[in-house]
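Here is a walk through the model, from how the chains meet down to single residues. Keep the viewer open as you read.

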Amino acid sequence: MRSELSRRLEAEISKMEIIDPHTHLQHPTPSAGVIGNIFGYHYIKMELSTAGMDVETLMDDSLPPDDFLKNALPYIPRIQNTTTWWGFMTICEALGFKDKVINEENWQDLCEISSETMSQDGWYKKALDSINIKKSFLTNLPDEDMTGCDMEYFVPSLRTDEWVLEIDQDTTREKLEKLTGSSVKNLGDVKKGIKQIAQKFVGIGAASMAISLPPDFQAFVVAESDAAGIYDNILQGKRVTDYELTRLKSYMLYSLFEVCDEFNLPFQMMLGVDRKIHKRLEWDGFSTRMDMMKTFRDALNRFPNVKMIFSILNTVLTHELAIYAKTFANCYAAGHWWYTFYPCIIKPMILERLQAVPYPKLVGWYSDSYYVEWTIAKIKLYIQTFSNTLADIVEDGYMDEDMALKVAKAMLWDNNIEIFDLKV
Amino acid sequence: MRSELSRRLEAEISKMEIIDPHTHLQHPTPSAGVIGNIFGYHYIKMELSTAGMDVETLMDDSLPPDDFLKNALPYIPRIQNTTTWWGFMTICEALGFKDKVINEENWQDLCEISSETMSQDGWYKKALDSINIKKSFLTNLPDEDMTGCDMEYFVPSLRTDEWVLEIDQDTTREKLEKLTGSSVKNLGDVKKGIKQIAQKFVGIGAASMAISLPPDFQAFVVAESDAAGIYDNILQGKRVTDYELTRLKSYMLYSLFEVCDEFNLPFQMMLGVDRKIHKRLEWDGFSTRMDMMKTFRDALNRFPNVKMIFSILNTVLTHELAIYAKTFANCYAAGHWWYTFYPCIIKPMILERLQAVPYPKLVGWYSDSYYVEWTIAKIKLYIQTFSNTLADIVEDGYMDEDMALKVAKAMLWDNNIEIFDLKV
Amino acid sequence: MRSELSRRLEAEISKMEIIDPHTHLQHPTPSAGVIGNIFGYHYIKMELSTAGMDVETLMDDSLPPDDFLKNALPYIPRIQNTTTWWGFMTICEALGFKDKVINEENWQDLCEISSETMSQDGWYKKALDSINIKKSFLTNLPDEDMTGCDMEYFVPSLRTDEWVLEIDQDTTREKLEKLTGSSVKNLGDVKKGIKQIAQKFVGIGAASMAISLPPDFQAFVVAESDAAGIYDNILQGKRVTDYELTRLKSYMLYSLFEVCDEFNLPFQMMLGVDRKIHKRLEWDGFSTRMDMMKTFRDALNRFPNVKMIFSILNTVLTHELAIYAKTFANCYAAGHWWYTFYPCIIKPMILERLQAVPYPKLVGWYSDSYYVEWTIAKIKLYIQTFSNTLADIVEDGYMDEDMALKVAKAMLWDNNIEIFDLKV
């Protein structure tokens, strides 16, 4: 049974104010609105599919979201063991649904009850307030319309994948030209445009730059003339080799480090996703290359004033990441991303970080959620796991209970304020 | 101390009916007969050797098996910490031996008691009945004589390593010719022969195909004409390059996928063994290549109707395998193979699977045993570890006790019925 | 809360005699003398730096050591979560300091109290006696002056990195010439010189050879003529390729195996460090190559009489190392090195070793410490973690309490006596 100490820690931590430094919330529609959208989260769709739900029904976007829930009813009993399912039921309860199971008899009740709850005035604020989340970072594409964004609850974060991974695409250049109103004739123009957009985001209160990189990304210094030449060839429609593209991408990442340096922007880097490994359903996976962290050694040394906050999508290199956060003053370890967001993986990650790394270097948690409702499930799962872990540490005598609570507050609040220089 | 809940779960699970979907039992001699054969299991021989027993005595096959036990007595105190030793003592107890130690005074008693037990009429059935194992899969070579196989207790499974890993060997071709009564003149003949043998095995009730692949196996699409040309060169005694052989092997594996597809045969794939790394004693080891799972992405996408049931012989990629089982409807994660069959490795593997993967995608356990007596030890170790793990999950609130028992039953019984389409 | 059983085991193990088979103690100055030297351990400096202490103050060697402590006071609250900090406070307590915190008010008390304690006559013996450490191995460079070494407390161990990793350096050759009084004209002379020095060390009671190898070290047989030719080129000032140097280094390592074979010297090999990855502060890190253990297969087979005792600096290959210790009679697994010396990493490592490997193949612990005071902290942390782990094993029924204590004694004492053939 969970210990008294763990429950006491959980009760205290549940009262703490929290910052959520990485989400995919859409500022105009932060709530799912209907339960079907919550149920349609790709974490759950994947489980339904692997449990036997046929692909046609699964991916039929012509139906209203709640009908998807109805179609999935036969497969629900087959996914009830996962912690994602636990998360879904936690959300249902938070929305006012009292039953412990979902079936033919009550699914319509669930739809109605949850729609009613979510249609309340200012629901998303109530939802976030209920879990003490004071600020949620957004993930904003360069051309995203930020008009009307609720800056009390949300913090912009500039997502920059396209400037690195799709630097050879016409669409990237065209978007840049449109956004800056200047034509792009060479790599210098690209860098000027990026800087201009970054400046605009800083101006509206963006607190970080963010990027997601594949496991085989190679980061190394590339001469400006080399990168410029490669980009010229791309502009002229010439074919570039794989290695040329590798160099250009690395050059672009280093350019972003320079922008972060200039604007004092922390850089959130998510490492390890392989896109669309499931061909038919276009689901993402991951793989591990043993130099995924090592490749950033040069950048960590070269840009001591750029705060690099890493998340990593495997269980193999979590220890190595922790030791980087211990070694480099500008390296931070953040949260538990996607396929690592399971209690049995979160707990050893917290332990290895808290035993080895000074706690101000740790971002405890982020939700990665698309709707505030999933944030509810994810923070509950995290706090429960965090409490169990801290209880173990206290029971082994490496911290006392006060220190454990101080560390918890730092990992959920103080460190975010300090790292991202937030005004609250 | 183990919790009440864990003990209660263990008591319930110990009553469940079980299917053992991978063993090396020989259907004419499923029992060891004498304790020396049980003690001579390579899991134990390795431990005796590393603990100091000299190689000559260890490998002296001229002695009766029970004399091997006698010769090993001085080394037994040095291996008593391992769970393999615990397993051996568990078997001794099941055979009627009451002592807690084995030494000069009582080893002959052990030999006599165990021989007497194992010489009972229908002993192997009693042994399997005592642990509720209703069906044990065999590992059958293509030319294995299945006459007189007890189809009530055993299920054939066609082992296909030679058609992939030894496709360039004369012996492989000759065996195929002998079995099919047709001469092999090209790769098409090989494929025809394999299909014919697979059909024969399906006819006698084989429920799966099986293969063991090394860590560096590369699976990718190879053009038929390319593979056929390479095979022609082999037939003509020409030298083929490493890369040609890599292509041919991959082509052969894909051919097996096609056969599985045609006959609706699930494919059990065991990944990771390096053969004979100990040169003198010819013991197998393992190593890890980070693309061991990734290399199957193409096949998983290309053969959606072939059930691929993976086991993996390292601790590095267990998380990746779990996420594949979550991502691909035709991918299953099975058991805890060989060097991973230790409680401290089994428990985190079960946790990461049960928190991330819908339970119908999980084959909980198989014995991999050569004699039914070792099956007794291995299922007991598993059930104890499984119960501890489920208890943790229940105590953390992610499942209730009923769900835990439902999941246990599925992982030991229902899923095997469903995946292998067994008639029981 | 820690179980009664764990506390009982801890009490018993704390009374056991212990051998520390790897330290960096300097035999003329085994004690730190002042608390500033204890606080200035690189484990702590790294934490202060990453927690925000500026580099200039951190690395200012012109100040007395205790002033470094004073300068670090503002950063201490930021590192109090780590087990290294717990270790430091454990030392303070052992030195007679009673407070639970260190701050502006009491840091001078700490300096005075600890200096007083450490200035006692024969303090280092008292310190080691207080934790029952009867013998501490040293790490001796070939040219180290061993005059006056306290052979009751210390055991020499010949560190051989330079003869492998720096074989191409003039300084290596020159040192060898100076030590042996003979000029080095070819590789044969190098080998003769090394043998001569090894013989000298054996003569003064050295119990092992030791080396630290990087993650990408490749060990394989190299022909003598090939190596000799490469070395000739080096002597003639010619440029050698990377692959030539790789071959020469491997040849040198194999030469050391031959010396170990001849003198019956066990070889302690520490695998995995990457030197000076933090450019400005010259701190070491690590990375993992998946063939780090595999590369020693040939040597393990080729030198069956050379005891190879491996430590490994990552969490990825600990299972593979355990299985090597189970497979090869001449392979041993030792301790928990540097970035793996955290309770959450030590515990799973002990479990996987004790469940899979006969216990005589395990060296439980070494301190790796530079001063005897850190040895106090490190053995306490280990014994506590070891006790928790053994308690789990006993509670699961895989050992009884007597066996657990027998195993503990072996891993801390008996095995060292046996492996290193110590006379005590």
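## Ground rules

Throughout, two residues are in contact if their C-beta atoms, placed from the backbone, lie within 7 Å. This is a predicted model, in which local features need pLDDT of at least 70 and side-chain atom pairs count only at pLDDT 80 or more, while totals for chains, interfaces and linings use all residues. Residues are numbered from 1 along each chain as its sequence is written, with chains lettered from A and ligands numbered from 1 in the order in which they are written.

## Where chain B meets chain C

By that cut-off, the contact takes 32 residues from chain B and 30 residues from chain C. On the chain B side, at least two residues each come from helix H3 (42-50), helix H6 (83-94), strand E7 (273-278), strand E8 (283-286) and H16. Helices (H or I, at least four residues) and strands (E, at least two) are DSSP runs, numbered from the N terminus. H3(B) has the largest share of this side, with 4 residues.

Sorted by class, this side of chain B holds 14 nonpolar, 13 polar and 5 charged residues. Here Ala, Val, Leu, Ile, Met, Phe, Trp, Tyr, Cys and Pro count as nonpolar, Asp, Glu, Lys and Arg as charged, and the others, Gly among them, as polar.

## Where chain B meets chain A

Now turn to the other partner: the contact takes 29 residues from chain B and 32 residues from chain A. Helix H14 (297-302), helix H15 (318-327), helix H16 (343-356) and helix H18 (401-420) of chain B each put at least two residues into the side that touches chain A. H16(B) gives the most, 6 residues. This side of chain B divides into 17 nonpolar, 4 polar and 8 charged residues.

## How the copies are related

## Two domains in chain A

Chain A is assigned domain 1 (34-118) and domain 2 (123-420); such bounds come from an automatic or database domain assignment. Their centres, taken over C-alpha atoms, are 30 Å apart. Each domain puts 15 residues into the contact between them. Within domain 1, H6(A) makes the largest contribution to that side, 6 residues. The side of domain 1 that touches domain 2 has 9 nonpolar, 6 polar and no charged residues.

## A closer look at H11 of chain C

Helix H11 (residues 187-203) of chain C has 17 residues and should span 24 Å at 1.5 Å a residue; its end C-alpha atoms are 24 Å apart, which agrees. The expected span is 1.5 Å times one less than the number of residues. Its buried residues include Leu187(C), Val190(C), Ile194(C) and Phe201(C). A residue is buried if 20 or more other C-beta atoms lie within 10 Å of its own, exposed if 12 or fewer, and partly exposed in between, with C-beta atoms placed from the backbone.

Seen down the axis of H11(C), the buried residues fall within an arc of 160°, so they line one face of the helix; the arc is that of the directions from the helix axis to the C-beta atoms. Among the elements they pack against are helix H10 (170-180) and helix H13 (242-263) of chain C. The face turned away from the buried side carries the exposed residues Gly188(C) and Gly203(C).

Most residues other than glycine have a negative phi. Asn264(B), however, has a positive phi near 55°, and sits in the loop between helix H13 (242-263) and strand E6 (267-271). Lys276(B) also has a positive phi near 55°, but lies in strand E7. Asn264(B) counts as exposed with 11 C-beta neighbours inside 10 Å, and Lys276(B) counts as exposed with 12.
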